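Visitor: I would like a close look at one part of this structure. Please take the sheet and follow it out to the aromatic rings.

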Amino acid sequence: PAVGVICSQRLAADAVRYPYRHFLMAGYRVLQPLFRGTLGFGDRWAQGNIGSQGSVEGDLGDILAGLDWLQSSHPRLRGSLSPERTGIFGGSYGGYMALRAMS
């Protein structure tokens, strides 16, 4: 199984905010992507989802591309993910993105 953890902003405390280690110890693969609109890569990247929020052409596409990469190209996880066993959650804008991903 896999889970996508979608957060609206990258902060140093993100690693302790959610129980990622419990997911990992239970055998889940955890993806926490830095999609367009997140902080830490300059203004151009932070503003990269303006006008395309929640769309496949924008930040949602970045998240889906990350999952596709895990499935097709990751050295150890290639071929091990299935859409039926992949979940997603997030808070704030990450919650909105989770809803968009499920629609």
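Guide: We start with the strands, then turn to the helices and the rings. Keep in mind that this model is predicted.

Strands of a sheet pair through backbone hydrogen bonds, either parallel or antiparallel. Here three strands form an open sheet, and the pairing is parallel. Their order is β2-β1-β3. The edge strands are β2 (29-31) and β3 (86-90), and each pairs on one side only. From one strand to the next, the twist averages 20°.

Now look at β1, residues 2-6. Three bridges join β1 to β2. Find G4: opposite G4, in β2, stands L31.

Next come the helices. Helix α4 (residues 59-72) packs on the sheet and touches β1, β2 and β3. The direction of α4 makes about 145° with that of β2. Helix α5 (residues 93-102) also packs on the sheet, touching β1 and β3. Its direction makes about 150° with that of β3.

Strand β3 also leads us to the rings. The count of aromatic pairs comes to five. One of them is F23 with F89: the centres are 5.9 Å apart, with 40° between the planes, so the pair is tilted. F23 lies in helix α2 (residues 20-25) and F89 in strand β3, so this pair ties together parts that are 66 residues apart in sequence. F23 is partly exposed, at 22% relative accessible area. F89 is partly exposed too, at 24%. Ring pairs link F23, Y28 and F89 into a cluster.

Technical notes:
Residues numbered from 1 in each chain as written. Predicted model: local features only at pLDDT ≥ 70, side-chain atom pairs only at ≥ 80, totals over all residues. Heavy atoms only, no water. Pairing = 2+ DSSP bridges. Helix = DSSP H or I, 4+ residues; strand = E, 2+ residues; numbered from the N terminus. Axes fitted to C-alpha atoms, helices over the stretch in contact; angles between N-to-C directions. Contact = heavy atoms within 4.5 Å. Phe/Tyr/Trp six-rings, centres within 6.5 Å; stacked < 30°, edge-to-face > 60°. Buried < 20%, exposed > 50% of the residue type's maximum accessible area, 1.4 Å probe, protein only.
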